[in-house]
Each structure stands twice: as structure tokens, then as C-alpha cells.
Amino acid sequence: MGSATAARALLTEVAGIEPVGTWSAPGRVNLIGEHTDYNDGFVLPFAIQQRTHVALGTRADGRIRVVSTFDGDAVEVDLAALDELFPANRGEVPEWAAYPLGVAWALLRRTGRSAVSVTGVDLAIASDVPIGAGLSSSAAIEGAVATTLNDAWGLGLDRVALAQVGRTAENEAVGAPTGIMDQMASMLGRADAAIFLDCRSLAASVVDLGFADAGLQLVVIDTGVKHSHATGGYGERRAACERGAEIMGVRALRDVSVDDLARAAELMDDVTFRRVRHIVTENQRVLDTVAVLRDHGPRAIGALLLASHASMRDDFEISVPELDTAVEAAMSAGAIGARMTGGGFGGAAIALVEHDRVQTVMDAAASAFAASGFAAPTMFTVVPSVGAGRDA
Ligand code: ADP
Ligand code: MG
């Protein structure tokens, strides 16, 4: 059963009604631009075909009920009680429910609408975005719920505002300190295109990828190694970036260019310098990728993907042996380019591959993992796809 059908069935099971409509939003993969977001820099993510679906029912009692195939229990509260729940008392609901309820809370707060001015809702949620695999199931659930309620409540917010609402929900209601890249990709995605995002201005533009015309596929190699923002590595990298920016006398590393790196090397210790060099060169690689895609097409971006991986491995030091093995195996099996994607310390690598080499690359990664004694990776292809919207 597809997840749109599953969401409809779940609504009927829980609320005994047919949905008023269904909405959905996709997960995302970041093509290039890693750890640049919190340095006010550039990223180039795309929405994927895996989506989270919401089936909507309306109710007259001013309450909001959320239920997901992810968790057996429905959670129900008064819309008027959301303000007491978030952020201080978020522990009163299961963590997953803070995503959809947090979106409702953030929408009301942003629009200044009172709880009594909007209809009560039942939201039944089902997803085919793998959860916790670095494909941003969190942005998918936020985007799906935000577009649903924006329409149900007639709020008239645009896509960028809905992305910001998703981020507010994740940062303040759930309490996870993340940037806005994932939500922007999920809201703004287009078929066979990526979203070029300036994380300082939030200016976003659609960049054609041309994978389909060129016969290319993007393979995800999920190492299964779990990363956690709590383990310190992420915070340490952020602190190093802030230190580097302060030494360079700029607001953020976005304001340092490749030409400034020689001076940076003289001003700071080796570790801080290498963290800075990753961010500065990665920002340039995002700009170069956009230009190369436009001028030479997708087969020409392989070297940039590889340079991004090398920079994360050697300068930012956020790769792990499994990710390096995935990238090396994909390249030796003829991939055009490959890199780890996401925050690092685990998660997934991506490889850009001719369509008739997908199986060869997957087989090569599987045997390289086995030879190294790593657990077998999960592998699948992703297709750059359209962003959030109403489906039925
Ligand atoms: P990622 O975004 O990489 O998949 P996160 O840890 O950011 O991982 O978000 C995953 C969390 O989001 C889940 O643990 C759950 O709380 C929530 N979530 C995501 N998708 C769903 C869903 N379909 N139903 C309920 N909760 C979900
Ligand atoms: Mg997430």
C-alpha cells in the first residue's frame, strides 16, 4: 500500500470519516554544500520522490488529533492548549507528535490567528521517507503538515514562510537545533532540479540538474552508522567555525573567500584553519557546481563531489571509514562522482552514476563493506522531485 493510501485508511480507522483531502511533502538529499548552512553560506539540496502524506479530517470541537503509522497511539489536544505545551511542556507529548503539533503551534503564532478562529483537525500521517537515515523525514512531516494546515485554515502563507514554520517547529517545539535547508528543499523542490539556497538571505533558485536527460542516477549508500548531534562533534565544528570567523573579523565564514585562506593560515592554529578551509572551499564548490551544471551539464560535476568528500574527510574530519569505503567503492566501479552527504559521523554517501552502472556500483559497495567487516549498507536510488503540495 502506498503511503497516500495508508494515510487515508488511517484517518478512516481513527476518526471514522473520509478525508477532506490529502497533502504531501518530500524528503531531501543534499547534492553539495555541507556544514555551510550555519556559516551563512550556500547549499544545493534536492527534494526526493519519497514523501510523507497527510490525510485531513475536520472537526467542530477545536481540538487537534495527530496519528501516524510511525507510532500506534493518537495524540489529541485542544488547539488553545498548544501555547501551554510549547516549548516548556513539550515532554507531555511523545517526541514524534511534537513535529505535527509544533507546526500547528508555529503556524498560529506566525499568523497571529487565535485557536478559536480555525477549525479543529484530524491529521493522519504515513510516510515512505526512511526515518533517521539522513533523508530528512523531519522536514517531510513538517512540510506535509504545514501545507495541509495552511490550506485547511486559509492562512495564505507562501512556501518560504511554510519552510520557516517547519524550522520553528523543529527548533522550538521539538527542541532540535537545525538549519532551514531541509525545509526549503522540501517546500521548493522541482522535478530533476535542485534548490540553490543562500542561507544568509534565504534567496532560493531552481537549478536544473539534467540527470534524466543525461541518463544519470543518484545512488544513496546508507552506511547504517548512526550519527547524533549530541555526541559533541557537531557542536565542536560549529564552535571552530565561529572561532575562525572571529579571528578573521567577519560575521560568518561566508564572508571569507578562497583568496583569504593564505592569510587565515597565518592567523590561526592548524585545526581551526582546516575547519575554516573546508567551509570556505565548500562554499566555492557549491557556486562552481551551479555554474558547471549550467555550462557543462551533470557529467562535469564529478570532480567537485569528490573534492567535497576529501575536504570533509581531511579538513573537517567528519567522515567515518564506512563513508570513505562507500565513496572509494563507487568510484572504482565507475561512478562519475561521490561524496558523503549530511552532517557526517555516519549516515549516507551519494554517488552519481550512469543508469546502466547502478547495479555495478551497488555490488561494489556491498562487497567492499563485506571485505572490511562492516554491516551491509542499505542502497537505493533517489529521483529529484517536486516539493510539497496538495495531492487530492
Ligand atoms: P531525519 O530527518 O534524518 O529522518 P530526524 O531525527 O531529524 O531524522 O527526524 C526523525 C524524527 O521525526 C522521528 O524520530 C520522528 O520523531 C519524526 N518523524 C519523522 N517522520 C515521521 C512520521 N511519518 N510520523 C511520525 N513522526 C515522524
Ligand atoms: Mg531531520
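Which side chains meet in a salt bridge at 2.8 Å, N to O, when arginine 313 is selected? Select arginine 313 and aspartate 314 together: their side chains form the salt bridge, with an N to O distance of 2.8 Å. Arginine 313 is partly exposed, at a relative accessible area of 33%, and aspartate 314 is also partly exposed, at 40%. The model on screen is predicted.

**Salt bridges across the sequence**

Next, select glutamate 354 and arginine 299, whose side chains meet in a salt bridge of 2.8 Å, N to O. Glutamate 354 sits in strand β11 (residues 348–354), while arginine 299 belongs to the loop between α10 (270–296) and α11 (302–314), so this pair ties together parts that are 55 residues apart in sequence. The relative accessible area of arginine 299 is 43%, which makes this residue partly exposed.

Move to aspartate 40 and arginine 200. A salt bridge joins their side chains at 2.9 Å, N to O. Because aspartate 40 is in the loop between β1 (21–30) and β2 (42–43) and arginine 200 is in the loop between β7 (193–198) and β8 (204–208), the contact ties together parts that are 160 residues apart in sequence. Aspartate 40 is buried, at 18% relative accessible area, whereas arginine 200 is partly exposed, at 28%.

For a linked group, select Arg59, Asp61, Arg63, Arg65, Glu76, Asp78 and Asp122, which are connected in a network of salt bridges. Over the whole structure, the search finds 24 salt bridges.

**The second largest pocket**

Return to Asp40, which is also part of the lining of the second largest pocket. The pocket holds about 150 Å³ of space. Coloured by residue class, its lining divides into six nonpolar, two polar and four charged residues.

**The cavity**

How many cavities of 30 Å³ or more does a search of the whole structure find? There is one, and the largest cavity has a volume of about 30 Å³. Select Ala139, Glu142, Gly143, Ala146, Leu162, Ala163, Gly166, Gln183 and Met187 to display its lining. The elements giving two or more residues to this lining are α4 (137–152), α5 (159–174) and α6 (181–188). Helix α4 provides the largest share, four residues. By class, the cavity lining has five nonpolar residues, three polar and one charged.

Terms used. Residues numbered from 1 in each chain as written. Chains lettered and ligands numbered in written order. Predicted model: local features only at pLDDT ≥ 70, side-chain atom pairs only at ≥ 80, totals over all residues. Heavy atoms only, no water. 1 Å grid on protein atoms, 1.4 Å probe; cavity = no way out; pocket = protein on both sides within 12 Å on 5 of 7 lines; lining within 4 Å. Points joined across faces, edges and corners; volume = space filled by probe spheres on them. Nonpolar A, V, L, I, M, F, W, Y, C, P; charged D, E, K, R; others polar. Salt bridge = Lys/Arg side-chain N within 4 Å of Asp/Glu carboxyl O. Buried < 20%, exposed > 50% of the residue type's maximum accessible area, 1.4 Å probe, protein only.
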